[in-house]
Each structure stands twice: as C-alpha cells, then as structure tokens.
Amino acid sequence: MSEVHAHVEDYLERLHRAIDGLPRERLAELAQTLLSAYHNDKQVFTIGNGGSSSTASHLAADLAKNTTGPNVRRFRITSLNDNAAIVTALANDLGYEHVFREQLVNLIRAGDVLIAVSASGNSPNVIEAIRYARQQSAYVVALLGFDGGIAATLADNAIIVPSRDFGIVEDLHLAINHILVEHFRHALAQAPAWVS
C-alpha cells in the first residue's frame with residue numbers, strides 16, 4: 001500500500017469512528033430546538049471562527065434557503081460572521097473577543113437560539129457570546145470537538161464530535177448541518193400546519 005493510500009485509509013477510519021460516536025439524542029434535541037424556534041418565530045444566530053466560521057455561515061445559508069418550498073414559511077436565521085464591516089469595526093475598536101457578543105446586544109431576545117460552532121470550545125469570542133445569550137434567556141447549542149472546552153459547560157445542548165482532529169471535527173459539523181437541512185426540507189414539506 002502506498003503512503004497516500006495509507007493516509008486515506010487512516011483518515012477514513014478516524015472519520016468512521018467519530019461518526020459512530022456522534023451523540024444521536026443530542027442531535028435530535030437540536031432538531032427539536034430549531035423546530036420550536038421555527039414554530040415560535042424566534043431568531044436563530046450562528047457564530048464561529050476560522051473553519052467554524054464558514055460552517056456557521058453554511059448552516060445559516062442552508063437552513064434559510066434549502067428548507068424552503070411552495071408556501072413554506074422560512075427559518076429566521078443569521079450568521080454573525082458575515083458582516084465584515086461590523087466584525088472588523090468591533091474587533092478594531094473593542095477587541096476580537098467582543099465581535100459576537102456586541103452584535104447580540106443589538107439582536108438577541110429571550111427564546112432565541114444561538115448556535116456556536118467551535119472545534120476547541122475555548123475561543124474567547126464564542127464564550128463571551130454564549131454567556132451573553134444565556135443572560136438574555138436565549139437557548140444555546142454548541143457544536144464542538146475535542147473535550148468540548150468551556151463551551152460544553154455553558155451550553156444548553158453541547159454536541160461534541162468525539163475526535164481531537166480539527167479536520168474530522170469540521171467534517172462532522174458540516175455533516176450535522178446537512179442532516180438538519182435534509183430533515184427540515186422533508187418535514188416542512190410534509191406538515192401543512194407549518195405552512196405560512
């Protein structure tokens with residue numbers, strides 16, 4: 001077996017182990033949380049840094065667009081990573097650790113949902129946002145990896161990918177995104193009570 005083949009097999013084996021260890025009950029709880037937010041016309045916010053930033057944006061885009069159909073009311077979801085002007089202004093003037101919390105001050109209300117995406121669960125700006133969201137009686141979901149970090153102790157629902165490999169963690173955070181989108185695309189189309 002060539003070296004590249006060995007790397008492929010090793011990565012896929014680690015990916016399969018992490019998939020097998022995903023907490024299915026917590027994923028179902030996340031789906032129920034989003035459904036409740038949908039029914040109650042609550043806002044959902046997503047945040048993350050680096051690769052997790054792109055996952056947060058991807059999740060917001062997919063739930064906003066790819067769950068729609070004829071006469072189906074849409075999710076109210078926004079990624080706080082996507083406005084470069086506000087992110088960089090807050091980072092420059094107040095410090096990068098405040099870029100998400102300060103946006104939430106303008107936006108989040110009781111009963112809203114914050115989805116924090118972080119492999120380590122220890123990013124200061126993510127932790128600040130989680131703490132603020134909890135203070136405002138919002139519900140916090142954290143998509144995490146490694147041991148979950150500080151975020152796991154603060155979130156209402158911590159979904160930890162059982163891996164210490166950034167690539168594996170980020171892969172499965174995207175898989176969770178696509179599971180949710182597929183579920184809601186089907187569920188919303190099948191339930192007339194959810195049609196606006």
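Figure 1. Helices are DSSP runs of H or I with at least four residues, and strands are runs of E with at least two, numbered from the N terminus. Gln103 has a relative accessible area of 8% and is therefore buried (under 20% relative accessible area, with exposed over 50% and partly exposed in between; 1.4 Å probe, protein chains only). Contacts, defined as heavy atoms within 4.5 Å, join Gln103 to Leu80, Ile86, Val87 and Leu90, leaving aside residues up to four places away in sequence.

**Figure 2. Backbone oxygens beside the side chain of Gln103.** A polar atom of the Gln103 side chain lies 2.9 Å from the backbone oxygen of Val99. For the backbone oxygen of Leu80, the distance to a polar atom of this side chain is 3.0 Å.

**Figure 3. The aromatic cluster of Tyr38, Phe75 and Phe184.** Rings of Phe, Tyr and Trp (its six-membered ring) pair if their centres lie within 6.5 Å; planes under 30 degrees apart count as stacked, over 60 as edge-to-face and the rest as tilted. The count by this rule is 3 aromatic pairs. Tyr38 and Phe75 form a tilted pair, because their ring centres are 5.0 Å apart and their planes stand at 55°. This pair links distant parts of the chain, 37 residues apart: Tyr38 belongs to helix 2 (residues 24–39), and Phe75 to the loop between helix 3 (51–65) and strand 2 (77–79). Both Tyr38 and Phe75 are buried.

**Notes.** Residues are numbered from 1 along each chain as its sequence is written, and side-chain values use heavy atoms, without hydrogens and water. In this predicted model, local features need pLDDT of at least 70 and side-chain atom pairs count only at pLDDT 80 or more, whereas totals for chains, interfaces and linings use all residues.

Definitions and conventions: Polar contact = N/O pair within 3.5 Å; in protein donor to acceptor, adjacent residues only side chain to side chain.
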